[in-house]
Amino acid sequence: MATIEECRSALDRLSDNMQHAEGDVREAAALDRSVSCHIKDLDVTFAGRLTGGRIRVDDTLQGPPPERAEIRLAMAGDDLVALVNGELNFARAWGSGRVKLEASLMDLFRLRKLL
């Protein structure tokens with residue numbers, strides 16, 4: 001099972017990857033939205049903001065997110081690490097329910113370029 005530190009590191013790597021992306025991926029990452037990532041097996045939520053093509057984590061909270069972010073992710077820690085490392089296909093993980101993504105319809109259309 002991935003640790004809180006490994007999950008935070010994975011989010012930092014994802015943010016770095018988004019910052020250096022080009023084309024459609026860079027355009028999709030240009031959203032300015034609140035974001036939360038609930039790590040279900042650790043019962044920890046990383047809360048912050050997607051802005052300037054990066055994910056900025058402002059808080060690490062125990063339990064599910066107390067406020068509803070505009071973009072919400074939920075998954076196991078190992079799945080987050082595997083996604084960022086390219087070892088887990090997002091579409092398959094989302095389709096099977098291993099990863100949950102909730103956002104407005106317009107944001108989902110833009111985010112699909114990232115995922």
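View 1. Among contacts in the protein chain between residues at least 6 apart in sequence, 58% join residues at least 24 apart; a contact here means heavy atoms within 4.5 Å. Keep in mind that this is a predicted model, where local features need pLDDT of at least 70, side-chain atom pairs count only at pLDDT 80 or more, and totals for chains, interfaces and linings use all residues. Residues are numbered from 1 along each chain as its sequence is written, and side-chain values use heavy atoms, with hydrogens and water left out.

**View 2. Overall dimensions and burial.** The C-alpha trace of the protein chain spans about 35 × 30 × 25 Å along its principal axes. Of the 115 residues, 40% count as buried, meaning under 20% relative accessible area, while exposed is over 50% and partly exposed lies in between (1.4 Å probe, protein chains only).

**View 3. Phe109 and its nonpolar neighbours.** Phe109 sits in helix α5, residues 105-111. Because its relative accessibility is 44%, Phe109 counts as partly exposed. Together with Leu105 and Met106, Phe109 makes a nonpolar surface patch of about 360 Å². Patches are made of residues with over 30% relative accessible area and no salt bridge, with like charges joined within 9 Å and nonpolar side chains (Val, Leu, Ile, Met, Phe, Trp, Tyr) within 5 Å. A salt bridge is a side-chain nitrogen of Lys or Arg within 4 Å of a carboxyl oxygen of Asp or Glu. Accessible areas come from the Shrake-Rupley method with a 1.4 Å probe, and for residues only the protein chains shown count as cover.

Methods
Helices (H or I, at least four residues) and strands (E, at least two) are DSSP runs, numbered from the N terminus.
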